[in-house]
Amino acid sequence: NTMVATWATVIFLALISYISTRRIQEVPGRLQGLVETILEFFLNLAENVAGKEKARKFFPLTMTIFLFVVTANWMGILPLFGTVGWVEPAEQIIHHAEDKAKAEGVHLDLSSVHLQVFDKVGPLSVQPLGSVASDITNAKEMEVVGLANGQKAGLLVPYLRSANTDINMTLGIAIIAMVMVHWWGLRILGVPKHIGKFINFKEGVIGLFVGVLEAVSEVARIIAFTFRLFGNIFAGEVLLIAMAFLLPLIGLVPFLGLELFVGLIQAFIFSMLTLVFAATATVSHGDGDH
């Protein structure tokens, strides 16, 4: 389901790029003007951070990361995301929970198995709004109280989820960003100087220890990149789903606005950190810039 959202994001961005550039004019139209304004803002920002020459190298990747992440984040709050899918039956959910409990050597507590109650189930089931009292139960309550005629218990498995709620996606972006950061470091500084930041025998034990810390910090950056984006977007999705049960549609508007803002800020932070790391990686320790 996140793969579908990923391709939807890519296709959407490709269409916007095609439509805005197929007839480029000296006096831009609305869409061309909007796109040029966004690109010019980020290019000026990149030049201020990394200098004009380096910014031209770093700009394509950092701009791509920003556009992809912000588009995927914003698409993730559309009505079809997280609310339309197929229902996994309660029996299967309980069976999976029993297998997990058995593997852990504990007795399954049915009250810990949370379920949803649906009046109708099918290939296109929809998660209802504003019905927390009647639409959430657990396996213990279902066993004791039972369900009304025609009702089915289970969990909704959505067909669409935001691309960035999959940790594999955020990890992939983080790895690409850091690989390119080191590639630029190797190309601009040269292999000896760039590798010398991490393997330094010239300055003795202290230099070697500092190099090891530098290497560890690079790995930590990948982990921080991955979980910062995944954590914020996944938490936002959970918040919206929880509020969808508790509030009518109009009550979701403030939370949707909050997620729009968070999605924009997370995309901006991810792309700007990539730019800053690239600018730092292409400056030698001997240049006096640290």
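T9 touches F68, T71, A72 and M75, leaving aside its neighbours within four places in sequence. This residue sits in helix α1, which covers residues 2-21, and T9 is buried, with a relative accessible area of 0%. Keep in mind as you explore that this is a predicted model. Its protein has 10 helices and five strands, and of its 290 residues, 37% count as buried.

- T9 counts as buried because its relative accessible area, 0%, is under 20%.

**The largest nonpolar core**

- The largest nonpolar core of the protein holds 31 residues, and I65, V69, F225 and F270 are those with the most contacts inside it.
- Five helices each supply at least two residues of this core: α2 (30-50), α3 (52-75), α7 (167-189), α9 (204-246) and α10 (253-281).
- Helix α3 gives the most to this core, with 10 residues.
- If you pick out F270, you will find it in contact with I65, I173, A174, F225 and L229, once its neighbours within four places in sequence are set aside.
- Another core lies apart from this one; it has nine residues, including A90, I93, L108 and A153.

**How α3 meets α7**

- The axes of α3 and α7 come within 12 Å and cross at roughly 180°.
- Angles over 145 degrees count as roughly antiparallel, so α3 is roughly antiparallel to α7.
- On the α3 side, the residues that meet α7 are K54, K57, F58, L61, I65, F68 and V69.
- On the α7 side, they are M169, I173, I176, A177, M180, W184 and I188.
- Sorted by class, this contact has 12 nonpolar residues, no polar ones and two charged ones.

- T274 lies in helix α10 and is buried, with a relative accessible area of 0%.
- A polar atom of the T274 side chain lies 2.9 Å from the backbone oxygen of F270.
- Beyond its neighbours within four places in sequence, T274 is in contact with L61, T62, I65, A177, V181 and F225.
- A46 has its place in helix α2, where it counts as buried at 1% relative accessibility.
- Not counting residues up to four places away in sequence, A46 touches G51, A55 and L275.
- F261 is in helix α10, and at 52% relative accessibility F261 counts as exposed, because the cut-off for exposed is over 50%.

- A46 and M272 are separated by 226 residues in sequence, while their C-alpha atoms are 8.4 Å apart in space.
- F261 and V70 are 191 residues apart in sequence and 9.8 Å apart in space, C-alpha to C-alpha.
- Across the protein, take the contacts between residues at least 6 apart in sequence: 78% of them join residues at least 24 apart.

Definitions and conventions:
Residues are numbered from 1 along each chain as its sequence is written. This is a predicted model: local features need pLDDT of at least 70, side-chain atom pairs count only at pLDDT 80 or more; totals for chains, interfaces and linings use all residues. Side-chain values use heavy atoms; hydrogens and water are left out. A nonpolar core is a set of buried Ala, Val, Leu, Ile, Met, Phe, Trp, Tyr and Cys residues joined through side-chain atoms within 4.5 Å. Buried means under 20% relative accessible area, exposed over 50%, partly exposed in between (1.4 Å probe, protein chains only). Helices (H or I, at least four residues) and strands (E, at least two) are DSSP runs, numbered from the N terminus. Contact means heavy atoms within 4.5 Å. A polar contact is a pair of N or O atoms within 3.5 Å; within protein, one must be able to donate a hydrogen and the other to accept it, and residues adjacent in sequence count only if both atoms are side-chain atoms. Axes are lines fitted to C-alpha atoms, for helices over the stretch in contact, and angles run from 0 to 180 degrees between N-to-C directions. Angles under 35 degrees count as roughly parallel, over 145 as roughly antiparallel, 65 to 115 as roughly perpendicular and the rest as oblique. Ala, Val, Leu, Ile, Met, Phe, Trp, Tyr, Cys and Pro count as nonpolar, Asp, Glu, Lys and Arg as charged, and the others, Gly among them, as polar.
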